[in-house]
Amino acid sequence: MDSVEKWNKLCDYFERYKYDAEEKIQKVWETLFSELFGYSFLDDEIESHRKIQLGSTERLIPDIIIKNNETDLFMVELKREDLSVDESRKKQLYSYLKQEHNDLGILVCNQICLVKYDYSVPDEEQLCCYIDFKKNNPLGIKFIEVFEKRNFNKENAMKFIIESNKATLEAEKLKQQLTTDLLKKLIIDYFSKEVNEELIKLILEDYTINISRKEKKILSPTTIEHKQYTPIPKISYSVGEVRTDRDKLLRDIRSVGMETFVKYFEYYNNPQYETADIKALFRKYENFNENSMASKASTGKGIIRRGFAKEALEIIINARNIDNSLRTKAEEYYNQI
């Protein structure tokens with residue numbers, strides 16, 4: 001399998017698992033680093049969830065560290081692949097790099113973000129390059145080639161990030177120059193060899209000329225029909241349980257947040273996960289304050305305990321003004337119950 005085939009296969013896995021929980025994505029990327037990049041589990045070259053103690057209670061747990069013998073090569077932080085790269089997620093990777101005195105990291109969200117960490121500059125000025133999960137993407141193919149075990153050299157990896165970042169900046173600069181005025185000028189220059197320039201300008205007044213960027217769709221569209229809300233049939237409850245009314249359920253869903261409820265539904269719905277466990281997930285992956293984390297964790301868990309999982313999902317499925325990918329995932333959970 002050559003680098004193009006490996007990159008395209010990686011893109012296939014991204015599409016297949018991008019809405020799954022972090023635990024599943026963790027296993028997928030461990031396998032990808034073994035199967036596509038050639039690092040060995042047997043030789044302990046793929047280390048998962050190393051515990052880095054910061055004090056008596058606090059610790060950091062990076063998702064994956066790729067090693068060669070006893071030397072750390074680079075660190076990998078994984079998020080749900082429908083989330084975007086932002087400063088808070090990058091800073092989480094930076095904290096791991098700084099603690100382990102490493103300078104090469106990979107953040108995987110809806111893009112791959114490669115980080116060349118420079119200890120002499122602040123976090124906001126770190127050099128990064130971004131790779132979209134698009135088949136036959138030249139940057140993705142080069143990423144495979146540079147980070148494969150048989151080719152890996154940290155100096156070459158750093159050079160790749162520098163050159164890719166420079167190319168990205170140049171492309172962005174070019175995009176800024178693609179304006180309506182430029183189009184008009186090019187049209188006038190093209191026809192002015194044969195026609196009077198003033199005549200061309202007069203003709204252009206009868207035309208609307210515009211150039212704009214395509215909207216970048218991070219999440220896949222869906223064909224699910226938007227339905228008017230209809231309550232599902234009532235379910236029976238054991239003695240001592242009290243069914244709250246729909247208004248209370250709606251308030252609870254708003255308190256948790258529809259996106260949060262769907263995103264963490266597998267944990268809310270898993271009896272092995274208590275409120276404290278879900279709050280710990282929020283602390284690791286979200287930017288909620290402490291009060292919000294506690295409220296969202298306990299309220300979401302309460303919806304499940306009262307037997308309203310399916311009805312809550314149906315409310316979300318039929319809600320207006322939500323992302324289609326969120327509606328799709330909610331319906332998937334609804335059909336599983």
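**Ground rules.** I number residues from 1 along each chain as its sequence is written, and I use heavy atoms for side-chain values, leaving out hydrogens and water. Because the model is predicted, I ask for pLDDT of at least 70 for local features and count side-chain atom pairs only at pLDDT 80 or more, while totals for chains, interfaces and linings use all residues.

**Cysteines.** I searched the whole structure for disulfides (pairs of cysteine sulfur atoms within 2.5 Å) and found 0. For Cys-109 the closest cysteine sulfur is that of Cys-113, and at 8.1 Å this is too far for a bond. Cys-129 is likewise in no disulfide, with the sulfur of Cys-113, its nearest, 7.2 Å away. I then checked accessibility, where buried means under 20% relative accessible area, exposed over 50% and partly exposed in between (1.4 Å probe, protein chains only): Cys-109 counts as buried at 0%, and Cys-129 counts as buried at 1%.

**Second largest pocket.** I took a pocket to be an open set of points, on a 1 Å grid over the protein atoms alone, where a 1.4 Å probe fits, with protein on both sides within 12 Å along at least five of seven lines; lining residues have an atom within 4 Å of a point. The second largest pocket holds about 500 Å³ of space and is lined by 14 residues, with Arg-59, Ile-61, Ala-280, Arg-283 and Lys-284 nearest its centre. I noted β3 (59-60), α3 (87-99) and α11 (275-285) as the elements giving two or more residues to this lining, the largest share, 5 residues, coming from α11.

Definitions and conventions. Points joined across faces, edges and corners; volume = space filled by probe spheres on them. Helix = DSSP H or I, 4+ residues; strand = E, 2+ residues; numbered from the N terminus.
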